[in-house]
2 protein chains.
Amino acid sequence: MQIHSRIADLRAALQGRGQSAGKIAFVPTMGNLHEGHISLMREARAHGDTVVASIFVNRLQFGPNEDFDKYPRTFAADCEKLAAAGVDMLFAPTEADLYPEPQEYLVEPPAIQHLLDGEFRPGHFRGVATVVLKLLNIVQPQVALFGKKDYQQLMVIRNMVRQLALPVDIVGGETVRADDGLALSSRNGYLSADERREAVRLSAELRKIRDAIRAGSTDYAGLERAAVAALDGAGWKTDYVAVRQQANLLPPTAPGQALVVLAASRLGTTRLIDNIEV
Amino acid sequence: MQIHSRIADLRAALQGRGQSAGKIAFVPTMGNLHEGHISLMREARAHGDTVVASIFVNRLQFGPNEDFDKYPRTFAADCEKLAAAGVDMLFAPTEADLYPEPQEYLVEPPAIQHLLDGEFRPGHFRGVATVVLKLLNIVQPQVALFGKKDYQQLMVIRNMVRQLALPVDIVGGETVRADDGLALSSRNGYLSADERREAVRLSAELRKIRDAIRAGSTDYAGLERAAVAALDGAGWKTDYVAVRQQANLLPPTAPGQALVVLAASRLGTTRLIDNIEV
């Protein structure tokens, strides 16, 4: 696996492959890779001839009181996992490579950026959209893959790509879960052993809501309230549990809409998110 | 010359050329082409193997009280001029092609968008940056050319391209002028015969300032005031006359900085802009 930190080097390496690079499939990450990421790498292989991954902890998408500084950086282990997964090329820029000057030109997403996670993480989706646009411009893949665990992020990226006419297909990868149902996440590493045991409650509450809706319930507000009560009663601090339309993440307005249940909640100092499509 | 209005058709035509398309040089315009545009087409030929032009009057960069509806549309004549200039392909989308849904993902430029023309045209440079990004994503040229007459626009585009890591070189083309010095502009067509004779004053005042600075004057505010007085005394309504640094369009802060003199003023209902590098 080739590793490049400089934009010009990555571009030269990709151009050097010329036609033999074929279709490029790209998986951007913030590193600290787990099986969720690796499943995206494997799916990328099915979509492309050359698989490019990136590792970059993007300061622009972290709020001032968030965990940018303590976000886990495990570069050597990540490289081993990527190489074992058959990734051809890793782009691992430093901040000086990707932001040699303060980033002043930003992609401004519409109202969706202020919903759900956006309400609790102001500026987060602007930072995500901007760095993803920049990475897509650098790698110029034909396909890019993002996990469904970050459901709102995937929607922002899909919409940005369509609205800005970027020449890339966006593919969403299914959330990978631990045996007990917890969605894999780099932030799970922050959890104590006790918290890790408790963490299963988040996905369990989402499944409860999904099952209730499947069984015919349309009392979305009641289902949401019950889940928040269950979580907060067990010591969580919940930002939101929300039943939303898959199409636009707005509340359901009519029967028959495809729905998704999303949640974000803090266990101790660790903020976890998850979602389940109904 | 091929003409395409649909994004997919243009992309297919460019991809159909494959390797033989070579380097693509792109000149986006709003049509109503004059010799200023055509000089960019000729320069594009020197930079690329395939020259692509676009014609699209971009509603997004017009204010609610501006001249979007009456902006001159002269498609047939434009096509003749482009073909005669050796342009290979014209992209001429309708609004339904380029904005099939309301454009909600926008490129937000930094403070420069509120200076000079941006002060008088709120949202203008956001609209320019967004449509140019979109056109660049569609055409995927190696080189794109923009006229220096829109000096601030050229700077916004250069900075956007650098900051978003777009894989394209931006080339600025020199302003083409009528024999009396008036910068060629589609909006010159709005002028009555009397106004057209008067219009020469704008470039004349800019040259006066340039010459005074060359001769050693550093009283920029005084030079600006004198030009505004001369214009407004002759019936113009001046938005600004400003001596600025070429590097960032901010006021000069130290001797030896490369300067540019920029102006925008209205003659009757026609708003003209011009600039001269010192």
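## Conventions

A residue is called buried under 20% relative accessible area, exposed over 50%, and partly exposed in between (1.4 Å probe, protein chains only). The model is predicted: local features need pLDDT of at least 70, side-chain atom pairs count only at pLDDT 80 or more, and totals for chains, interfaces and linings use all residues. Residues are numbered from 1 along each chain as its sequence is written, chains are lettered from A and ligands numbered from 1 in the order in which they are written, and side-chain values use heavy atoms, with hydrogens and water left out.

The same surface serves both copies, as 100% of the contact residues of chain A recur in chain B (contact means heavy atoms within 4.5 Å).

Across the interface, 29 residues of chain A are in contact with 29 residues of chain B. The two chains bury about 2500 Å² between them, and carbon and sulfur atoms give 53% of this area (the accessible area, 1.4 Å probe, that two parts lose on being put together, summed over both). A:Tyr105, A:Gln163 and A:Leu164 supply 33% of what chain A buries against chain B, more than any other three residues. Two salt bridges are counted between the chains (a side-chain nitrogen of Lys or Arg within 4 Å of a carboxyl oxygen of Asp or Glu). A:Arg162 forms a salt bridge with B:Glu101, with the closest N and O atoms 2.7 Å apart.

## Nonpolar cores

The largest nonpolar core has 94 residues, and A:Met160 and B:Met160 have the most contacts inside it (a core is a set of buried Ala, Val, Leu, Ile, Met, Phe, Trp, Tyr and Cys residues joined through side-chain atoms within 4.5 Å). Apart from it lies another core, of 20 residues, including B:Leu191, B:Leu202, B:Ala227 and B:Val241.

Neighbours within four places in sequence aside, A:Met160 is in contact with A:Val107, A:Ala129, A:Val132, A:Leu133, A:Leu166 and, from the other chain, B:Tyr105.

## Salt bridges

Over all chains, the structure holds 38 salt bridges. One of them joins B:Arg187 to B:Asp67, with the closest N and O atoms 2.9 Å apart. This pair links distant parts of the chain, 120 residues apart: B:Arg187 is in the loop between β7 (169-173) and α8 (193-198) of chain B, and B:Asp67 in the loop between β3 (50-55) and α3 (75-84) of chain B (helices, H or I of at least four residues, and strands, E of at least two, are DSSP runs numbered from the N terminus). Both B:Arg187 and B:Asp67 are buried.

A further salt bridge brings together the side chains of B:Asp239 and B:Arg266 (3.0 Å, N to O). B:Asp239 lies in strand β8 (residues 237-245) of chain B and B:Arg266 in strand β9 (residues 259-267) of chain B, so the pair ties together parts 27 residues apart in sequence. B:Asp239 is buried at 14% relative accessible area, whereas B:Arg266 is partly exposed at 31%.

## Annotated position

The UniProt annotation "active site", from an unreviewed entry, covers A:His37; such annotations may be inferred rather than shown by experiment. A:His37 is found in helix α2 (residues 35-47) of chain A and is buried, with a relative accessible area of 14%. Not counting residues up to four places away in sequence, A:His37 touches A:Thr29, A:Gly31, A:Asn32 and A:Ser186.
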